[in-house]
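Please work through the two exercises below with the structure open beside you, and try each task before you read its solution.

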Amino acid sequence: MNQISPISRKANTPDVAFLRKQAAELRGEVIGMSHKTGSAHLASCLSCIDILTAAYWHALNIDPAKPTDDGRDRFILSKGHAAMAIYATLAHRGYFPRDLLETYTKDGGKLAEHPPANMLPGIEAATGSLGHGLPIANGHALSAKVKDKGANYRVFALMSDGECNEGSVWEAAMFASAQKLANLCVIVDYNKWQATARSNETLQLSPLREKWESFGWDAYEIDGHDIGAVATALADVPNGSSKPVAFIANTVKGKGVSFMEDDNNWHYRAPTAEEVVKARQELGLS
Amino acid sequence: MRNAFADELTKLGDDDERVVMLSGDIGNRLFDKFKDKHPTRFFNCGVAEANMTGLAAGLAMNGLRPVTYTITPFVTTRCLEQIRTDVCYHDVPVTVVAVGAGLAYAGLGPTHHACEDIAFLRALPNLVVISPGDAWEVRAALRAVMKQEHPAYIRMGKKGEPKIHQGPIENFQIGKAITIAEGRDVCLLSHGNMLPEAVEAGKLLEAKGKSARVVSFHTAKPLDEACIAEALNKFKLVVTLEEHSLIGGFGSAVAEWTVDNGCDTRKLMRIGTPDKFFKESGEQEHARERLGLTAHQIADRVIAKLS
C-alpha cells in the first residue's frame, strides 16, 4: 500500500487580521439568514465560524472554480445543522453567487436547512443525520491510497461534540487509525452543549482528547476561536506521523455575540431585528 | 452462491481496478484469491457496518466501485440509515451484497434470519434490489450491477444450493425475469433462493396434471412489469414465492403493481414467511417445512387453490 507523503507547505503565516474580518462578515451573514428565515442552529453556526474561516481562507488547498478536482482537499461539514455557516462560507469563498443565500429555506430552492446531496458546488456530502460525515470522510481519505495515483489531498471532517454520541463516529475512528489514514483530520467543535443539555451531562465525552488519542489518533486541544492557531494547525496536516489527526477545538456556542454566548436557547432561537442590529454592532459590522 | 460471488468478484476486480471489496469481518478464506490478486483493494472493516457503508459511499464518490459484504441483517438493517442517506441519497455506485437470505441461516437463530430486508430496502429511492435464484444468477447479477452508475442490493442464499441454470447467463438484465419452465395452468414467480423449491413444485404439479410456468423473478426493484402483466393475463393463478415476510417483500411488490394497474387481484396468491420470528432450532429445511415453504407444500397449496 502506498503511503501518502506529507505535503510540504511553505511556511505560510496566516493573515490573522484578514481572517478575523472574514469571520465577522460570515457571522453577520448567518445572523441575518437566521433572522430572515426564523431558522434554528444559529449558535451552532457561530461556534464553528472561526474554524470554517481558517479552513477555507487559509488551510485548504481548493479552487472554488474546480469544486470536483481530483486533487482538492475535501472538507465535510459532518455537523450538518450548521448548514447556514457552510452556505455562507461557500458563497463568500466564491463557490456560488451570494445571491443564492437569499433563497435559503425558500420553496423550491436548493438551500435546505441541512446541506443537500448533488445540488451545490462545494458540498462534499449531504449531512444532517449525525455520525455520517466521518465514515464518508474515511472513504475519501482511503480513496487516495487505493487509487495509487500519488494523490496527496487531505480530508477534513468538522464534527460537533454532541455528534460524538453516535457509535458510528467511534467505528470510523478505529478504522481510520487501523488504516493509518494520515491524510484525515477531524475537528471537534467542542462547545460543551448539545441540543438540549450540557454535552458531558448527557453522554460523558470527557476526557475527549484522550478518547481520540486512545482510539489511535494524534489528538490535540486547540482554542477554536484563535483563528491564527486553527489556520496553522489545519495547514500542517498531515503532521508527519502515520496517524490521523484530531483537533479538539474548545469553542463557545454563540461565539461573537455577547448575549448569545454559551446560552443554549440560541440552539433553536432566531434573532429579532433589534437583536440583529445589536449583534452587528458587536461584530463591528455596519 | 457465496463462492460464486467471491469468484466472480475476483474476476471483476481483475478487469476493473475500481473494484474494492469491503468485508464486515466475515468470509474466512472466502476472499483469499481476491486478496492475493488485489491486496490493496480488500479491506476487512471489522464488525462496524455503519462505518463500512459510509466508507463505501465515500469511496464511490471518488470513482471507485466498492462492494460491502456480510450476513444479511448486519449489512442491511444494522446500517439501514447509511444505505439510505450515504449511498442511496447520494446515488453512488455502492453494491451491498448479503449472504444468508431469509432462513438460509435458520440454525443460527432469528438474530441471523432476514425476512424483512427487502421490505426496508425496496422503499429506498435509487436502489436496485436483486435476489439471485442460483449461483449463475449471482454471477450475472453482480456483473450487471457493477456496470451501472447507481446503488444495488444483492441478496444471496448461502452455499451449496442446487444450480438451476446450465451455465453462464448471457443475456441477464436487471429487472427482466427469466422463464425456467413453460406451463399453462399456473405461473410460479420465484424470488431468490426459493428457486429450487419452485422448480421442484413445478415438477410435482406436472405429475398431478397441472402445468406450471416457473419464472426466476430475481429483481424485486425495478419490477419486470411486462412479465407480471402477461402472467396475470394468461394464467388462472399467479403465485409469488419468497423466503421473506409477506409484509413488504416481493409478493407485496407484485400485489401493489396488480392493484395499481387494475388487474385481477383474485388471481394472485402470495407465499412467504409469516409475521413472526422463527424461534425453533434447526436448519433451513426444517424451517421451510414448518412455515409451508417446501416444494410439496407449495404444490399442495396451488392444487387446492386451482380446484
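Predicted model: local features only at pLDDT ≥ 70, side-chain atom pairs only at ≥ 80, totals over all residues.

**Exercise 1.** Work out how helix H3 and helix H5 of chain B are oriented to each other, and which residues make the contact.

*Solution.* Begin with the axes: those of H3 (residues 49–61) and H5 (residues 80–89) of chain B come within 9 Å and cross at roughly 10°. Angles under 35 degrees count as roughly parallel, and H3(B) and H5(B) are therefore roughly parallel to each other. Next, find the residues that touch: H3(B) contributes B:Ala50, B:Thr53, B:Gly54, B:Ala57 and B:Met61, while H5(B) contributes B:Gln82, B:Ile83, B:Asp86 and B:Val87.

**Exercise 2.** Describe how domain 1 and domain 2 of chain B meet, starting from their bounds and ending with the salt bridge between them.

*Solution.* First, take the bounds from the domain assignment, which places domain 1 of chain B at 2–155 and domain 2 at 178–306. The centres of the two domains, taken over C-alpha atoms, are separated by 26 Å. Second, look at the contact itself, in which 27 residues of domain 1 touch 32 residues of domain 2. The area buried between these domains is about 2100 Å², and carbon and sulfur atoms give 54% of that area. Third, count the salt bridges between domain 1 and domain 2 of chain B, which comes to one. In chain B, the side chains of B:Arg122 and B:Glu256 meet in a salt bridge, with 2.9 Å from N to O; B:Arg122 falls within the bounds of domain 1 and B:Glu256 within those of domain 2.

Definitions and conventions. Residues numbered from 1 in each chain as written. Chains lettered and ligands numbered in written order. Heavy atoms only, no water. Axes fitted to C-alpha atoms, helices over the stretch in contact; angles between N-to-C directions. Helix = DSSP H or I, 4+ residues; strand = E, 2+ residues; numbered from the N terminus. Parallel < 35°, antiparallel > 145°, perpendicular 65-115°, else oblique. Contact = heavy atoms within 4.5 Å. Domains from an automatic or database assignment. Buried area = accessible area lost by both parts, 1.4 Å probe. Salt bridge = Lys/Arg side-chain N within 4 Å of Asp/Glu carboxyl O.
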